[in-house]
Structures are given as structure tokens and as C-alpha cells.
Amino acid sequence: MATVVRMPAVLAGSTEAALQSWLVEEGAQVSVGHPIADIETEKAVVEYAAEAEGTVAGFLVPVGENVAVGTPILVLADPGESVEAAVLAAADLTGEADAAGPSTATDAASPEQSGAPEPSEAPEPSEPRAPAEPAPDPLPTGPSPDDHGGRRFASPIVRRLARERGLDLGLLRGTGPGGRIVRRDLDALREDPAPEVPAPSAASAAPAGVAPAPAVPVDAGATATSTDFVDVPATGMRRAIARRLTESVTTIPQFQLVADIRVDALLELRGRIAEQTGAKVSVNDFVVKAVGAALRDVPDANAIWLDGTIRRFERADIGIAVAVEGGLVTPVVRGVDRMPVGALAEAGRALAERARAGGLRQDDLEGGSFAVSNLGMFGTREFTAIINPPHSGILAVGAAAPRAVVVDGALAIATVMTVTLTADHRVVDGALAAQWMAAFTEHVEHPLGLLL
Amino acid sequence: MPRRRRLQTGVDWIELSTTTADWDRAEPDLLLTMLGQLHLIRAFEEAVLELAGEGLVHGPAHSSIGQEGGAVGSIVGLRSSDAVNGSHRGHHQFLAKVIGHVSGGRLDVGSLVSPRLQAVLQRSLAEILGLAQGFSGGRGGSMHLQWLEAGALGTNAIVGGGAPIAAGHAWAQKHAGTDDLTVNYFGDGAAQIGSVLETMNLAAAWKLPVCSFIENNLYAVATRADEITADPRFSVRGQGFGIPSWRVDGMDPLAVHLAMEEAAELMRGGGGPTIVEAEVYRFFHQNGPYPGSAFGYRSKQEEADWRARDPLERVAAEIRRRDLLDDAAVAAVRDQARDAMRAAVAELVEDDPDAAGTRRIRPELWPDPARVDAGMRGDARELDGLPELEPLAHTGAWTETRFVDAVAGVMDRRMGADPRIIVLGEDVHHLGGGTNGATKGLLKTYGPDRIIGTPISENAFTGLAGGIALDGRFRPVVELMYPDFLWVAADQIFNQIGKARHMFGDNDTVPLVVRTKVAMGSGYGSQHLMDPAGIFATAPGWRIVAASDAADYVGLMNAALALEDPVLVIEHVDLYGRSDRVPSGDPDYVIPPGSAAVRRAGNDVTVLSYLTMVQHSLDAIERTGVDAELIDLRWLDRASLDWETIGESIRKTNAVLIVEQGARGTSYGGWLADELQRRFFDWLDQPVERVTGGEASPSISKVLERAAIARTEEVVAGLERVRAGMGGA
């Protein structure tokens with residue numbers, strides 16, 4: 001009997017992924033644990049290992065195309081089984097598996113189940129699927145008709161309302177039969193503007209499916225034969241950024257606090273460390289360290305909003321925005337508050353490198369309550385950043401530059417950096433944010449404490 | 001040794017043949033008119049066969065060539081107000097009747113075809129070709145030729161199917177106080193089908209002026225008469241039903257005429273029905289321009305022998321013998337007939353510009369395909385001006401009543417106001433108002449001519465009621481004791497009554513009410529316990545009402561009785577004994593089509609139901625706490641449903657549950673679910689859910705019957721399915 005390998009849910013809660021590359025060839029023998037494919041999700045590339053042994057009989061999805069989690073991707077022939085027999089058997093297996101009903105990991109790929117099929121409409125149990133019947137095209141070049149190719153099910157009224165309201169159904173979790181998005185899921189959205197935020201364990205994963213349909217129709221002219229532009233299909237990462245940041249600004253009540261911070265002491269300290277130890281610690285490493293220290297000083301700010309509850313953290317886990325080819329990712333450095341600044345610098349560098357190489361793991365991307373985005377290296381004086389859900393804050397860091405300041409009533413020159421805190425008002429009120437900003441400023445302006 | 005005595009029916013069965021003296025005595029006008037009619041029909045049929053040979057007749061062309069003598073002989077003496085029908089082979093009878101009508105009964109053979117007759121010939125041919133100018137706009141064609149003004153009731157493609165309708169027409173003629181009569185034509189092949197035999201029985205029992213004219217042409221398609229019956233003298237049937245009968249040579253039109261004169265005298269005098277059997281011969285096969293011998297079921301010699309007795313030749317010979325016309329004048333009659341048909345054909349077909357040497361229908365003469373469904377029923381304007389009352393909004397006084405008393409009460413009220421209304425059914429006149437008391441007291445008030453107990457022959461008495469309705473002078477109400485009996489009467493209900501108006505080109509109205517009762521729960525078992533709504537809803541032409549309480553029943557029945565369409569009124573045994581109420585005052589109000597009742601407002605699901613399931617749904621809604629909107633449909637057919645109320649509700653709730661009691665296969669909700677998902681697809685949040693009974697028909701055993709039908713518990717389960725479909729958990 002053949003084994004059908006399905007697209008794994010490499011990110012918890014993710015509903016689709018793409019096959020980046022096959023690590024085996026047709027006809028190859030694989031054993032359990034043998035790497036067979038690199039699988040690319042919105043934010044990570046994961047090496048996927050075989051969970052059964054056999055001979056690679058056929059690939060079922062093209063490289064590079066997003067398919068729903070649960071979609072059959074590969075057929076393994078059992079020992080002694082011919083490749084053709086395995087493919088035929090697999091066609092039958094995929095049919096059966098689809099009829100088996102939804103499971104958590106394959107919601108989006110499950111066939112739609114109407115609440116309670118009428119008995120007379122159900123297939124006669126005495127009529128098994130005939131395995132001898134050749135399946136229609138056992139080696140499809142795309143998703144087979146039996147799977148749903150990343151479709152998410154929404155009832156007709158939901159599709160109508162989404163169209164009218166310009167909603168992206170990808171933001172919703174369906175609670176109807178088989179995960180169907182039903183009217184009540186939209187109603188819930190209206191009553192509570194906060195979308196269902198995924199649990200922190202799935203923080204960086206899409207809250208639900210991919211629904212590539214844009215909320216606003218693209219310019220109709222885009223389909224014309226114009227030479228003035230080209231349409232580039234958005235990558236999974238871009239779509240994730242689009243969706244998650246749209247979700248952020250449309251559902252989180254955000255507000256900003258700005259502070260000008262003198263960094264002369266910090267720059268001096270950094271220079272001395274480099275001079276005396278050779279360690280490479282960036283201004284940003286100190287900023288991240290100071291963020292961690294401030295969260296420790298003001299623990300009420302180290303919290304996130306979770307669908308009606310507030311989750312507080314003991315530790316300061318901080319995301320660092322890293323620009324990568326085609327987008328950005330936010331890997332999380334854990335326990336920043338307790339980490340020596342040198343180790344922090346090391347960890348940050350390693351994550352950034354892995355991010356640029358596309359080698360982040362899922363757990364690199366999950367969790368955290370706060371993020372830092374630094375555009376200082378580009379000379380940007382100040383800017384605001386958008387909260388990366390489910391975080392409750394993000395600090396936008398501008399360039400440090402000499403500015404005129406007033407010290408004790410006299411004009412002086414100091415190196416000043418402007419930072420902007422964006423906070424989630426559901427968790428962090430203005431006074432709390434100000435308190436946090438004061439703590440942060442204190443740590444940056446008197447950086448020796450960061451070395452303790 | 002038992003004593004044995006030979007019994008006699010005492011019913012006349014006469015073989016009639018002519019003598020030279022009869023021919024000598026016959027009025028010259030009669031003979032010349034018969035000659036003219038025979039030639040007109042022959043020429044007409046030859047034209048049809050010629051067009052059929054060119055492929056211009058869509059469908060069969062059942063030629064009557066050779067059989068003209070029976071039709072002409074039997075019809076030449078009739079009045080316009082007498083009626084005839086006809087079978088699938090009915091051109092000759094139709095033509096004889098309409099020629100008689102437009103010529104005032106007598107033809108002038110010197111100038112055979114008047115402009116009016118020419119027009120009628122062309123319209124008849126146009127109908128057979130399926131063209132707009134035909135009598136039924138081309139919808140009826142060869143097998144459904146109707147011209148009510150001329151007393152041509154419509155030929156019928158169901159063998160024997162016209163018999164009950166003809167009897168109904170005769171019933172109306174009799175009870176309207178006329179001495180008109182109706183002739184029901186059928187062939188040897190139909191002489192043993194149930195409709196015909198049931199009708200003979202009914203007509204004899206009720207002394208109706210209807211003649212069963214048996215055109216015995218010896219072959220039912222290719223099957224010889226003596227293969228299918230013990231005594232192939234089919235007029236022998238009269239002995240069994242107490243009907244005086246004649247047997248004549250149908251190739252002798254005068255013999256047929258004389259027999260028919262005797263039969264007509266009896267019928268016009270109140271003597272009841274008659275049978276005339278005429279032995280005739282069709283020169284061609286069942287269908288098309290080839291002789292039967294070409295198909296091997298009869299010999300060329302047999303055909304030659306019969307052709308030698310051609311009725312046209314026979315009449316011409318007697319006319320020549322009496323010096324009424326010479327050879328040239330007889331030939332001129334034939335030429336005039338042929339010329340008339342050539343002219344008629346030329347108006348309808350033309351040379352095909354795309355295919356040299358062939359002809360085609362003139363394209364501009366086809367009916368408009370956009371009108372394909374038009375005229376299936378009326379537009380209900382007959383209800384305009386009638387008092388409407390919405391019981392839900394009634395603020396006046398109420399009168400307590402049992403449901404079944406309201407049923408009898410509204411019928412009493414209408415019968416008192418409208419002498420055209422009559423009631424037919426099994427035991428409707430006995431047992432204190434039928435088996436359930438629904439006609440209680442009516443016999444005493446209106447007598448046996450209006451409250452009519454029938455034999456147990458649903459096909460005949462339902463079809464007879466259809467004939468009465470098509471006649472229009474009376475408005476019959478038929479009670480089918482149990483809904484499953486619709487299958488017994490199915491030909492009349494669905495092929496005849498439901499289709500008539502549309503099939504004959506929207507020239508008929510069919511003011512007929514059929515009452516029946518759903519009896520699920522009564523233990524009557526598999527052959528008595530269906531809900532007929534689904535079957536009627538998916539068959540053309542019927543309107544359907546189902547009341548869930550007495551006040552609705554009154555308004556719906558008043559509307560049903562006022563409509564010019566056939567209406568099925570569904571009742572339920574569970575309702576009859578119920579203590580109920582109706583608005584006080586005269587029960588004259590109507591609840592018109594398109595008046596569904598919202599029994600409970602809600603937001604979560606639209607429950608569509610009718611009859612007793614309305615109350616079961618209310619109970620189930622209360623039990624589940626689902627915030628359902630319950631709509632009592634009242635009018636169930638496609639044309640009468642209140643789409644507006646349904647649509648408004650679905651756009652609010654985005655979910656539908658259709659609730660009915662009966663078996664799934666013949667159920668009502670299937671077509672409705674289909675219609676709803678297409679009309680309201682974008683408003684649905686989940687599939688249309690349904691509550692029905694099981695697949696099998698309910699059994700006698702109490703527990704099995706309960707398991708087979710839907711009641712409150714099944715609606716509860718249905719609501720829970722809908723709730724699961726809502727998500728949100």
C-alpha cells in the first residue's frame with residue numbers, strides 16, 4: 001500500500017505552504033527521518049523529513065506553488081510495490097482521506113461538511129470506492145480536484161457581505177461546519193473590532209488561511225495590456241505582511257509617544273567596550289537591552305491583549321525587525337532583560353543572518369511582547385512603526401545625531417536620538433507608556449546600568 | 001340438481017344496416033353534405049400525409065383515411081352545441097364537427113368551400129403543423145385539436161383519456177337543462193381501458209347524454225382486435241353496464257347516421273348513455289403514408305377488399321344512382337376539396353431557399369418561443385374585488401368552531417351563494433358528511449344533484465369533474481378520500497386537468513377544486529398516508545393550498561372556489577377535531593395567492609412549513625430556543641407562493657429549514673429548496689435544511705408509522721442541524 005505524504009503544518013495554525021525544493025529524486029529510497037523537502041511558509045523555510053519509509057513514486061505538487069496544508073504532495077511506494085501501483089493506490093487514498101472529515105490541521109483542506117447529511121443522500125455504505133477505477137489523472141500537475149487548493153469555505157452571505165464591506169476573509173476563523181466562515185463570524189467582527197488574535201504559540205503565523213483575494217479590488221486597468229507597469233504576484237511573505245499589518249492598524253487602538261534621548265554616554269560606553277574587549281555591540285543592541293530593562297522596570301507594560309484577557313510576561317522577549325530580500329521578518333530574542341549585552345549582540349546578529357538566509361525556524365518567530373525597529377542606519381530622524389500582532393508595543397528608533405539642546409538654561413550640543421513608541425491602548429494606557437518611556441530614557445542616558 | 005335460469009340484461013343491442021329504401025329516403029341535402037364532408041376530410045388528410053412525407057409535420061400524423069364514414073355519419077346530424085372529442089386519430093371527427101359548425105350543418109357542393117370554411121381548414125392544418133395561427137397556437141397539434149365554439153372539446157393523446165371528460169361535459173349539458181349531447185370517440189384499442197369502462201358505468205348510473213362511439217378499425221396499431229378481447233364486437237360492453245348499443249358498418253355513412261339518430265333521440269330524451277360501434281378500416285398504417293401491409297400485420301388482399309368499400313365511393317355511387325350529381329359533378333367536389341387544401345398549404349409552407357426542390361414552414365408563422373410557459377394558469381384576477389381578510393390582523397370578534405365544521409361551513413356558504421358549485425366524492429352524501437364530516441349537512445340543503453356520491457372510481461369521477469370544469473357552467477369540488485388515490489386518478493389529474501389550459505393554447509379555464517386529507521398518524525398504512533403537495537407542486541397547472549387553522553381554511557377555500565384554475569386543497573385528519581376559531585360574521589373573505597403568514601418572527605433561521613407541521617414547528621422552536629422565523633406558506637405552488645415574504649425573511653436570517661411531514665421521495669421541499677438556493681444563494685449562510693419523513697411510505701404498525709413521519713421531535717433535530725450550521729461556537 002502506498003503512502004501519501006501531505007503538506008505538513010510546519011507553522012502552527014498555518015493553512016498553506018509552498019514546496020521550495022525537493023531533496024530527493026523520483027525513485028530514491030527514503031527512510032524515516034530522511035530529509036525529503038524544504039517547505040517554505042510565509043516566514044520560514046523548514047526541512048521536512050520523511051515519516052515513513054519507501055520509494056519516491058511521484059511528486060504531486062509543483063515546486064514554488066502555495067498549496068493548502070494537508071494537500072497530498074508526494075507518493076511513497078512501499079517495498080515491493082511498483083511506482084505505478086503506488087500512484088494508483090494513492091489516488092484512491094487521497095479520495096478516501098478527503099472524505100474522512102476535518103481535522104484541526106487540515107481544516108482548510110477538508111471537504112465541506114453540511115451539518116448533517118440526510119441519510120438518503122449519503123453514499124450507500126455497501127458501495128466502497130472502487131480502487132480499480134483509474135482516478136482521473138493520478139499525477140496532476142497542480143492540486144487535484146479533490147483537494148481544495150487552499151480554498152477557504154465561506155457561506156454565500158458571508159462572501160456577499162465581505163464584498164460589500166471590503167473585508168478580507170483571510171482575517172477570519174470559520175466556526176461553521178468544516179471551518180466554514182459563517183455570518184456569525186462576521187457579526188462577531190462587528191461587535192468586537194479586534195480580530196481573533198492567535199495564541200502566542202502561533203503568534204507569527206497567519207491567524208487563518210491565506211485568502212489571496214485582496215480586500216479592495218485592484219485597479220481594473222491592471223488587467224489591460226499596458227506596458228506602463230508589471231504585476232508581480234505577491235509572495236507569501238508579502239501577503240502575510242500585508243494582512244498582518246492591515247489587521248494591526250485596523251483592529252488595534254494604537255497611539256504614539258515620542259522622546260528625544262541623549263546618547264552621548266551610550267556612545268562613549270560602546271566605544272570603550274569595543275576598545276577594551278573587541279566585542280561588537282551596536283547602538284541597537286543597547287537599545288534592545290534598554291527596552292528589556294524598561295519592561296522589567298515597568299512590568300505592567302510587558303503584556304499583550306489576547307481576546308479579552310491580558311497576558312503578562314515574566315521575561316522580556318523582544319522582536320527585532322530585520323529587513324530581508326522582499327520584506328521583513330521579526331525574529332525574537334528571548335530573555336533580553338537577563339542577557340548580557342554582548343550575548344544579546346551575538347544572538348541578534350545570528351538571528352539576522354539566519355533571517356537573511358531564509359533559515360529561520362518557526363520558534364524563532366513566535367512569541368514576544370514588544371519589538372524594535374531601527375532605521376537609524378539609513379539616517380532617518382524619526383518615524384512611527386506599526387505594532388506586530390500580538391505584541392503590544394514597538395519602538396521606532398531614529399538616527400543619533402548632534403543637536404542643539406538646552407542644559408541648565410544654556411545652549412549646548414548633544415548627540416540625540418528620537419524614538420517613537422507605538423503602544424496598544426488595550427493593554428498600555430498613556431501614563432503607563434510614559435512611565436515606560438521614562439524608564440527607557442533613563443537606561444539609555446545612563447547606560448552603565450545595562451551592563452549589570 | 002340446482003335450478004338454473006338464464007338471465008337477460010334487458011338492454012338493447014342492435015345491429016343496424018341500410019337498405020336501398022333507406023338511401024332513397026335520405027334527404028338529398030344530407031347525402032350531398034356527407035359527400036362534401038367526406039371529400040374535404042380526405043383531401044385534408046392527404047395534404048397532411050404529403051407534408052408529413054416532406055418532414056414538415058413534427059410528430060406523428062395519424063391518418064383517418066378510410067375511416068371518414070364513421071365520423072361524418074355520426075356528426076352530420078349534430079348541433080353546434082352538441083360536443084365531440086376524439087382520440088389520437090381524431091382529425092376526421094374534429095373536421096366533421098367544425099365543418100358542420102361553420103356551414104350551418106349543410107354544404108353546398110356546387111360551392112363547397114366558403115371563405116370561412118377555408119379559414120377553418122387552414123387553422124386546423126396550422127395547428128397540426130404547430131403554428132401560431134392554429135386553434136391552440138400550435139401547442140396542441142394533431143392529437144389535441146380543440147375549438148370549443150364549434151363543440152369540439154379537444155382530441156386526446158391518452159387512449160381512453162377523453163372518456164371521463166366527455167361524460168363531465170354531458171353532465172353539464174344535462175344539469176344546465178339542455179337536451180344537448182356529447183359523443184366520446186375512441187377506438188377498439190381503448191375499449192377495455194379503465195377510464196372508458198369506469199365512464200360507461202358512471203354515465204349509465206347517472207343517465208348522462210353521452211355516446212361512446214367505438215371506431216372499431218380492427219387493429220390497435222398492429223394488434224388485431226380478436227387478440228385482445230374475447231368478443232371483438234366491442235358494443236357488447238353495453239350489456240355489462242346497462243347501455244343500449246348499436247353496431248353498424250362504418251363504411252356506410254348513412255347507416256352510421258341512422259344509428260346515431262336513434263341513439264341521439266334516446267339521449268336527448270333523458271334515456272342516458274348509448275354506445276355506437278362502427279366497423280371501419282384505416283387504409284394506412286397507424287402513422288404515416290404507408291399501408292399496414294407494408295408492416296406485415298395484414299395482407300394486401302384484405303386492404304384491397306376494404307378499399308373497395310371506400311365510404312366516399314359508396315356515397316358517390318348512391319348519389320349518382322339517385323341522379324343527384326353526375327360523375328363530373330362528383331369529381332368537381334373532389335377538385336374543390338383538393339384546391340382548398342392546396343390553398344391552405346400554400347399559406348403555411350413555401351419553397352425552401354436553402355434547399356432547392358424542398359419546402360419549409362414559413363418561418364414567420366411559428367409561435368413565439370418566449371411564450372412557451374404562458375397560459376399554464378390564470379392570473380388570479382378573478383379574485384379582484386373579493387373581500388380579503390388576514391386572520392393574523394383580525395381585530396374583530398371570533399367564533400369558536402371545530403376545524404371540520406368550518407370546512408363544511410364555508411362550503412355551505414359558497415354553495416348557497418353560487419349554484420354552480422357541486423361536490424363529488426365517495427360517500428360525501430352519506431355518513432353525516434363523508435368519512436370525516438367535511439360535507440356535513442350539505443346533502444339536506446342542496447340535494448343529490450349537487451352533493452353527489454360517486455362509485456369508487458377516482459379516475460372517472462375526477463375526470464368527469466374535469467369535464468364539468470372545462471365546460472364552465474358548473475364548478476366542481478372533488479373529494480379524494482385519501483391522497484394516495486391520486487395515483488388511481490393520475491391520468492385525469494395530471495395529463496388532463498393540469499395540462500388542459502396550456503396544452504390547448506390558453507383557451508380554457510379549469511375551475512376545479514380537489515380536496516383531500518393527509519392522514520399520517522391514523523394507521524392506514526403504506527397506501528393511504530402520503531402528502532400530495534410535492535407531486536402536485538411538480539406537475540404543471542395546479543395551485544395548492546394547505547391551511548394550518550380554520551380561519552385560514554375559510555379564506556383559502558373561498559379563494560380556491562373563486563379561481564378559474566384547478567386548486568388542490570390539502571387538509572389533515574389531525575386538524576378536523578381541533579377546537580378552533582374563525583372571524584365572526586359571514587365566511588366570505590379570501591386569502592389570495594401570495595399571502596404567507598409569519599407565525600413567529602425571528603432572526604436565526606426561516607422555517608417554511610404548512611398544514612399541521614406549522615404547529616409542530618412552533619413547538620419545536622419553543623423547545624430548542626432557536627430564534628426562528630416561522631412562515632406558514634398557505635399557498636404552496638410555484639405560481640402562488642409568497643416569494644416576497646420568504647425572500648424578506650431569508651435576507652434577514654440567511655438560513656432556511658423546510659418542514660414537512662411526509663416521505664422524502666415525493667416530498668414538497670425538494671423543488672422548493674432548489675428554487676430557494678438559486679433565488680437567494682447570496683443570502684444563505686448554510687445549506688437549505690429540510691425536515692421530512694423517511695424514505696418508505698408509513699407502515700400500519702404504530703411505532704413504525706411514528707418512525708416514518710415527522711413531528712415535533714424531527715423539527716427539533718432539524719433546528720439543531722441549523723444551529724450547528726450557524727457556527728459561532
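The legends below describe close-up views of a predicted model. Local features need pLDDT of at least 70 and side-chain atom pairs count only at pLDDT 80 or more, while totals for chains, interfaces and linings use all residues. Residues are numbered from 1 along each chain as its sequence is written, and chains are lettered from A in the order in which they are written.

**View 1. Packing of α21(B) on α25(B).** Helix α21 (residues 613-624) and helix α25 (residues 712-726) of chain B pack at about 55°, with axes 8 Å apart. Helices are DSSP runs of H or I, at least four residues; axes are lines fitted to C-alpha atoms over the stretch in contact, and angles run from 0 to 180 degrees between N-to-C directions. The contact (C-beta atoms, placed from the backbone, within 7 Å) includes His616(B) and Ile621(B) of α21(B), and Val715(B) and Leu719(B) of α25(B).

**View 2. The largest nonpolar core.** This core has 237 residues, and those touching the most other members are Leu35(B), Ala167(B), Val276(B), Ile544(B), Val545(B), Ala560(B) and Leu636(B). A core joins buried Ala, Val, Leu, Ile, Met, Phe, Trp, Tyr and Cys residues through C-beta atoms within 7 Å; buried means 20 or more other C-beta atoms within 10 Å. Helix α2 (residues 28-53) of chain B gives the most, 13 residues.

**View 3. Surroundings of Ala167(B).** Not counting residues up to four places away in sequence, Ala167(B) touches Thr199(B), Leu202(B), Ala203(B), Leu208(B), Val210(B), Leu464(B) and Gly467(B).

**View 4. Contact between chains B and A.** Here 17 residues of chain B are in contact with 18 residues of chain A.

Conventions:
Helices (H or I, at least four residues) and strands (E, at least two) are DSSP runs, numbered from the N terminus. Two residues are in contact if their C-beta atoms, placed from the backbone, lie within 7 Å. A residue is buried if 20 or more other C-beta atoms lie within 10 Å of its own, exposed if 12 or fewer, and partly exposed in between; C-beta atoms are placed from the backbone.
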